[in-house]
Amino acid sequence: MHILIIEDDIDLGQATLAALKQAGMSVVWVRKAAAVPGLLAEPPDAVLLDLGLPDGEGLALLRGWRARGITLPVIVITARAGLEERLAGLDGGADDFLVKPFAMAELLSRLGAVLRRCARQASEQWRFGDLLVEPRSYRAWLGDTPLELSPREFRLLVELAKNPDSVVSKSVLGQRMEPLGEPLDSATIEVHLSNLRRKIGAGRIRTVRGVGYQLLGQSEP
Ligand code: CA
């Protein structure tokens, strides 16, 4: 297991580093947000992220990753002050959180749970006839052929695949495809939808005029 700690507090950083190493993990500890981008070239198995960093908000880092489709597990570490607002700001982007001060045993137990959960989700697959979608790893196949989808096309596919029994409206798709920014407008969604149809087959997505779209052909797992 390889863990990245992003924490500016020296005492807490050192204690966390020592606890994780003792638990047999390989650990990199950085104290600034600016040190992070190069470290993601070889993604860690999980990140411990302090929200209050000297050169920016941890939250901005987390949002940036999620907006780019980086799904690595993140446990947020936060002070109790302003906790409600901070958690509200996470938008579901964190896999778990810990409030300072915390016991190292608690951290290890949360980390283990998050890693197990993410490993399960990584192998989760949804099947629609010969179309296979692996949401956590951002991969999809048509038969044996991997699909080359843009991040937005993939997000669109996942949002439709999540709701196989229902028609999903354009406004819902617009919000879910851009959860942290301005919802996508109707014309943009149609462009992505048309590209997605070209790649997976037009007949797989049903249009219900004035209502929305539905992905067809889910088979029993
Ligand atoms: Ca801090």
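Asp50 is buried, with a relative accessible area of 3%. Asp8, in contrast, is partly exposed, at 25% relative accessible area. The cut-offs behind these labels are under 20% for buried and over 50% for exposed; Asp50 is therefore classed as buried at 3%, and Asp8 as partly exposed at 25%. The model is predicted, and the values reported here are to be read accordingly.

## A cis peptide bond

The peptide bond from Lys100 to Pro101 is cis, with omega near -5 degrees. Pro101 lies in the loop that runs between β7 (96-99) and α4 (104-122).

An open sheet is formed by four strands in the order β8-β9-β10-β11, with antiparallel pairing. Its edge strands, β8 and β11 (145-146), each pair on one side only. Three bridges join β8 and β9 in the antiparallel sense, and Phe128 stands opposite Leu131 of β9. Helix α5 packs on this sheet, where it touches β8, β9 and β10 (139-142); the direction of α5 makes about 100 degrees with that of β9.

The buried residues include Phe154, Leu156, Leu157, Val158, Leu160 and Ala161, together with the charged residues Glu153, Arg155 and Glu159.

## Nonpolar cores

The largest nonpolar core has 24 residues, and those with the most contacts inside it are Leu131, Leu157, Leu160, Leu173, Ile200, Ile205 and Leu215. Two or more residues come from each of β8 (126-128), β9 (131-134), α5, α6 (170-177), α7 (186-200) and β14. Helix α5 gives the most to this core, with six residues. Apart from it lies another core, of 18 residues, among them Val30, Leu40, Leu53 and Leu59.

Within the largest core, Leu173 is one of the residues with the most contacts. Leaving aside residues up to four places away in sequence, Leu173 touches Leu156, Glu159, Leu160, Val168, Ile189 and Tyr213.

The strands concerned are β12 (residues 168-169) and β14 (residues 212-215), which run antiparallel and are joined by two bridges.

Strand β14 pairs as well with β13 (residues 205-208), in the antiparallel sense and over four bridges. In this pairing Thr207 stands opposite Tyr213. β13 and β14 form a hairpin with three residues between them, and Gly210 in the turn has a positive phi of about 75 degrees.

Key: Residues numbered from 1 in each chain as written. Predicted model: local features only at pLDDT ≥ 70, side-chain atom pairs only at ≥ 80, totals over all residues. Heavy atoms only, no water. Buried < 20%, exposed > 50% of the residue type's maximum accessible area, 1.4 Å probe, protein only. Pairing = 2+ DSSP bridges. Core = buried A, V, L, I, M, F, W, Y, C linked by side-chain atoms within 4.5 Å. Contact = heavy atoms within 4.5 Å. Axes fitted to C-alpha atoms, helices over the stretch in contact; angles between N-to-C directions.
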